[in-house]
Amino acid sequence: MINWTKHSIAAGLVTLALLLSFSACTKENPQPQEKAIGFSHTGSDEWNIAGNTRSDDTQMAVRLDFGVYAFLLDKIDDTVPEYSPDGSTVIYMDNVNVTHNGTKYDYSPTRYWPGNSHWVQFFAYHPYSINEKTGCSVGINGGKPMIAYTNDASTDLMASAPDMLKGDYYETVILPFKHILSYVQIKQGNLPDGVSITSVSLSGIRNKGNFNLAEMKWDSPATPSVSDYSITPGQPYHMMPHQLGSDAILNVQTSDGASYSNDISVWKWEQGKKYIYTLNIEVTPANRYEVVIGMEENIYSDEGNVTVDDRADNV
């Protein structure tokens, strides 16, 4: 027979109360491993053609490597604030490289949700490798992450600025990536019999800029830096968004030894849009050949053709 004393009964009741309390606590307040910040994204490094899908655009899970910034803001109430850094803003993730390990998105060191006394603002960009490119850097200026970029015309630069989240969000952060350069393609069109285009180049094209991730837009320098670009007809190029200047010229050479120069200062490339130009060489009323440029522009979306929402693929 077991003898239950008052002390043992009291101790048992205290133990039971602690167990119930611990169980309730762990259910309502997840342990650290359950509060790690994880990432996924929408958008891809493919471009959508309005009304059609290119044959090489397949519906697939695109894994992007990206850099992430996160800032903590004091939470006053449930009204979602606009991001405006001040003295209380804390840098929580500073240009962290996030990669996909084959199972989930991963980064180090792991960051945890700060709790309901804060708001969290995330910013991201792709590819992270631009940190290694000559003339490029990513950093914080006045509390806002900035990309100082020198364009090589081959990198599809993307960025994301999702809505601000509560510090006790506890779910995967979905980053809606958007293309922030302009997709430019110059194609060969109708040419005289026996004539082909041998060389295409653009001169006086803006090649540098600063992108504000907090505002998701490029700066507009008073005196922009410009460069020349050699173009392969039919190949896509990622160019700086801008209104081309008075010195912007399209140069074309053909197999019969002729050279053509066209003023393209009227061209305007907007952020996240796609432009296709077709070069046709036609006979003028004066019986001379000239390059006539056919244009298709502003008909494409700034989102990728492949929409990715890997909510299960998180840290």
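In this predicted model, four strands form an open sheet in the order 16-13-19-20, with antiparallel pairing. The edges are strand 16 (226–231) and strand 20 (259–263), each of which pairs on one side only. From one strand to the next, the twist averages 15°. Strand 19 (residues 249–254) and strand 20 run antiparallel and are joined by five bridges. Asn251 stands opposite Ser261 in strand 20.

**Aromatic rings**

How many aromatic pairs does a search of the whole structure find? The search finds 16. In one of them, the ring centres of Tyr83 and Phe123 are 5.3 Å apart and the planes meet at 75°; the pair is edge-to-face because planes over 60 degrees apart count that way. This pair links distant parts of the chain: Tyr83 is in the loop between strand 2 (66–74) and strand 3, Phe123 is in strand 5, and 40 residues separate them. Tyr83 is buried, with a relative accessible area of 14%, and Phe123 is buried at 1%.

Tyr149 and Trp218 form a tilted pair, with 6.3 Å from centre to centre and 50° between the planes. Here too, distant parts of the chain are linked: Tyr149 lies in strand 7 and Trp218 in strand 15 (residues 217–218), 69 residues apart. Tyr149 counts as buried at 1% relative accessibility, and Trp218 counts as buried at 10%.

One aromatic cluster is formed by Phe39, Phe66, Tyr105, Tyr107, Trp113, Phe122, Tyr169 and Phe177.

Charged lysine ends also meet rings. The charged end of Lys75 sits over the ring of Trp119, 5.9 Å from the ring centre. Lys274 lies over the face of Tyr183, at 3.8 Å from the ring centre.

**Backbone details**

| Residues joined | Omega |
|---|---|
| Ser108 and Pro109 | about -5° |
| His126 and Pro127 | about 0° |

Pro109 lies in the loop between strand 4 (105–106) and strand 5 (118–126). Pro127 is in the loop between strand 5 and strand 6 (137–141).

Asn95 is not a glycine, yet has a positive phi of about 55°. Asn95 belongs to strand 3 (residues 90–100). Is Asn95 buried or exposed? Buried means under 20% relative accessible area, so Asn95, at 14% relative accessibility, counts as buried. Ala153, also not a glycine, has a positive phi of about 70°. Ala153 is found in the loop between strand 7 (144–150) and strand 8 (158–160). At 5% relative accessibility, Ala153 counts as buried.

Key
Residues are numbered from 1 along each chain as its sequence is written. This is a predicted model: local features need pLDDT of at least 70, side-chain atom pairs count only at pLDDT 80 or more; totals for chains, interfaces and linings use all residues. Side-chain values use heavy atoms; hydrogens and water are left out. Helices (H or I, at least four residues) and strands (E, at least two) are DSSP runs, numbered from the N terminus. Buried means under 20% relative accessible area, exposed over 50%, partly exposed in between (1.4 Å probe, protein chains only). Two strands pair if DSSP finds at least two bridges between them. Axes are lines fitted to C-alpha atoms, for helices over the stretch in contact, and angles run from 0 to 180 degrees between N-to-C directions. Rings of Phe, Tyr and Trp (its six-membered ring) pair if their centres lie within 6.5 Å; planes under 30 degrees apart count as stacked, over 60 as edge-to-face and the rest as tilted. A charge sits over a ring if NZ of Lys or CZ of Arg is within 6 Å of the ring centre and within 35 degrees of the ring normal.
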